[in-house]
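Hi there,

Here is the structure I promised to pass on. Have a look, and below it you will find my notes.

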Amino acid sequence: MKSLESVVNFAKQKGFIFQSSEVYDGLAAVYDFGPLGILLKNNLQELWWKEMVQRHNNIYGLDAAILMHPRVWEASGHVASFSDPLVDCKECKMRHRADHLLETVGVEADDKMGIEVLNKLLQENNVVCPNCKGELTPARDFNLMLETQLSKTDDSSKVYLRPETAQGIYVNFKNVQTATRAKIPFGIAQVGKAFRNEITTKQFIFRTKEFSQMEMQYFVKPETAEKLYEDWKSSRLAWWESLGLKAENLRYHEHEKLAHYAKAAYDVEYNFPWGWKEIEGLHNRGDFDLTQHEKFSGKNLKYRDPETNEEYVPYIIEASSGLDRNVFTLLVDAYEELDARSGEEDAKHEKEVVLRIHKSLAPIKMAILPLSKKEPLQNICNEIQNTLSKTYMTQYDETGSIGKRYRRQDEIGTPYCITVDFDSLEDKKVTVRDRDTMEQERIGIDDLEKYFVEKFVV
Ligand code: ATP
């Protein structure tokens, strides 16, 4: 049974994810991506972009700035109500989210219940600090937006580090529509950083203060919104499954309480070692966002239908997911501990890790391994790597027994190992080993490119 701890240790040891500023004992809930982590993150981002922008004629890309006019966040409602219910421990000073504390003692709760209801439940259930059993303060709203100043001398220059990427899309709705002459329905997709001063951050990179979101906002005619929402709903969960996430670990969960503006809200959830949690939100936001930005900016953000001349505020369907959170989801799903399978003498009693990650997401696609460090074999390896590295991320490894090297590659999810041996000098063939089946095939060096083109069809 995999534990959160084993995946976290693995992610650090193998260079996927490090604690930020670790040499200074770290900065809580902030993380860095290491050499393998950034490859995996880039691959996920690329596949998402391909799915949204490349495979839809009517979805356009955007990269809006992190800093935005402060009125944006008044219009969006974030200044007034983007908060979590916070309680402090009077003894150890630890901070907790009231709804999460209630859940840990078996009381159903969520952050939209309101402070009064949460305080009543905390009292009725005699909830104390889980860390030191100390007394807690009553819950209060804690705004999650991080602020900074653009001028050292002028107090009115306060701006926020965006807590979501969506607003950059909404305020660019007219720009993108005009520039592309897009007709409704159309979408705008963006991947970028967001910041939230989260209170509960226990589960590694699941919930961090700095993270990236992948968001697609789809602008539609109000009467068509329900149907289009259902279409997106059926495609999004299937997309996560197509990346190899196990079907039994994925489900849709309907929000019990809708935000006041939302028409429909479902989350794609994944079954993490600590329970079912959101990995992507799918919302029908109605006309709330563009109406608010019209009101606060005084600009006309309506869409005029070129055929009927009808003017209206489009409804928005959003598909919003976390890039970092889902790197973690992929790691959790793909991580497997097995009884030693490499046959290595010194590893017989150890568990071996295999990262069964989808081939197209694997950080390293193929490892090139000479059976010996002799120069003629190294030369062949160099030639192979020079060819394959034009298309794929490859790795050369000549240290340790071949079994150990296979094991190292299995651990980081490399789908193929190419072994160059002394026969290769004669027959110009190499052995290609498959991570999952462990089957080995003898392939001509000149045929390798073609062989992998077929293997990596997505
Ligand atoms: P949660 O309930 O888990 O806090 P949320 O409902 O606040 O999530 P949204 O505002 O809908 O999340 O954000 C969309 C997506 O962004 C989420 O599905 C998640 O994948 C990601 N996300 C949100 N907050 C964080 C965070 N603090 N760290 C990492 N990813 C996050």
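Strands here are DSSP runs of E with at least two residues, numbered from the N terminus. This is a predicted model, where local features need pLDDT of at least 70 and side-chain atom pairs count only at pLDDT 80 or more, while totals for chains, interfaces and linings use all residues. Residues are numbered from 1 along each chain as its sequence is written, and side-chain values use heavy atoms, with hydrogens and water left out.

First, the domains, whose bounds come from an automatic or database domain assignment. The chain splits into domain 1 (4-82 + 150-331), domain 2 (83-143) and domain 3 (361-455). Between the C-alpha centres of domain 2 and domain 3 there are 54 Å.

Next, the annotation. An unreviewed UniProt entry lists a "binding site" that includes Arg 97, Glu 164, Met 214 and Gly 322. The listed residues span 226 residues in sequence and the farthest two C-alpha atoms are 26.4 Å apart, so they do not all gather at one spot. UniProt positions follow the numbering used here, feature names are shortened, and annotations may be inferred rather than shown by experiment.

Met 214 sits in strand β10 (residues 210-220) and is buried (under 20% relative accessible area, 1.4 Å probe, protein chains only), at 0%. Beyond its neighbours within four places in sequence, Met 214 is in contact (heavy atoms within 4.5 Å) with residues including Trp 48, Trp 240 and Gly 322.

Gly 322 belongs to strand β16 (residues 315-322) and is buried too, with 13% relative accessible area. Leaving out neighbours within four places in sequence, Gly 322 contacts Ser 212, Gln 213, Met 214 and Ile 279.

Best wishes

Technical notes: Helices (H or I, at least four residues) and strands (E, at least two) are DSSP runs, numbered from the N terminus. Buried means under 20% relative accessible area, exposed over 50%, partly exposed in between (1.4 Å probe, protein chains only).
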